[in-house]
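Here are my notes on the model you sent. They are set out as numbered points, to be read beside the structure.

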Amino acid sequence: MSNQITKLNPKWISVTRKYFLDFLEATNFPHPQRLGTRGSKFEYPEWMIMFIAVLAVKCKIKSYLGIHKLAVNYWEQIAEGEDVPPISET
């Protein structure tokens, strides 16, 4: 497997993030707050995990490590306005 460097336009990520959140709102996507019935409360909103998955599919990234690198590289755009640290490898 070759070492592919994923490059996305940060402005595109910001615009796409807005469209993604607007879509979720228009479709009445529930934003559940996990109360920790089977563990601790989720640190990241569910929509953020789904958005990272969308970016990974666009970039054709298949490994967890690759998805982590993508998320860390573009964390400023992904987590815009959210007060959460970059997602961990695990």
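1. Helices here are DSSP runs of H or I with at least four residues, and strands are runs of E with at least two, numbered from the N terminus. Residues are numbered from 1 along each chain as its sequence is written, and side-chain values use heavy atoms, with hydrogens and water left out. The model is predicted: local features need pLDDT of at least 70, side-chain atom pairs count only at pLDDT 80 or more, and totals for chains, interfaces and linings use all residues.

2. Q77 belongs to helix α4, residues 75-78. Its relative accessibility is 13%, so Q77 counts as buried (buried is under 20% relative accessible area, exposed over 50%, partly exposed in between, with a 1.4 Å probe and protein chains only). With neighbours within four places in sequence left aside, Q77 is in contact with P10, I13, S14 and R17; contact means heavy atoms within 4.5 Å.

3. Helix α2 (residues 46-58) packs on helix α3 (residues 64-73) at about 110 degrees, and the axes are 10 Å apart. Axes are lines fitted to C-alpha atoms, for helices over the stretch in contact, and angles run from 0 to 180 degrees between N-to-C directions. The two helices, α2 and α3, are therefore roughly perpendicular (65 to 115 degrees; under 35 is roughly parallel, over 145 roughly antiparallel, the rest oblique). The contact brings I52, L55 and A56 of α2 against I67, L70 and A71 of α3. By class, the residues of this contact are six nonpolar, no polar and no charged. Ala, Val, Leu, Ile, Met, Phe, Trp, Tyr, Cys and Pro count as nonpolar, Asp, Glu, Lys and Arg as charged, and the others, Gly among them, as polar.

4. A71, in helix α3, deserves a separate entry. With a relative accessible area of 1%, A71 is buried. Not counting residues up to four places away in sequence, A71 touches I52, I78 and I87. A71 and P86 are 15 residues apart in sequence, with their C-alpha atoms 7.3 Å apart in space.

5. How many aromatic pairs does a search of the whole structure find? There are two. Rings of Phe, Tyr and Trp (its six-membered ring) pair if their centres lie within 6.5 Å; planes under 30 degrees apart are stacked, over 60 edge-to-face, and the rest tilted. F20 and F51 make a tilted pair, 5.4 Å between centres and 40 degrees between planes. This pair links distant parts of the chain, since F20 is in helix α1 (residues 10-26) and F51 in helix α2, 31 residues apart. Both F20 and F51 are buried.

6. For Y44 and W75, the ring centres are 6.0 Å apart and the planes stand at 90 degrees, so this pair is edge-to-face. Y44 is in the loop between α1 and α2 and W75 in helix α4, so the pair ties together parts 31 residues apart in sequence. Y44 and W75 are both buried.

7. K58 lies over the face of W12, 5.0 Å from the ring centre. The criterion is NZ of Lys or CZ of Arg within 6 Å of the ring centre and within 35 degrees of the ring normal.

8. Two backbone entries remain. N28, in the loop between α1 and α2, has a positive phi near 55 degrees although N28 is not glycine. N28 counts as exposed, at 65% relative accessibility. K60, in the loop between α2 and α3, has a positive phi near 60 degrees and is likewise a residue other than glycine. K60 is exposed, with a relative accessible area of 68%.
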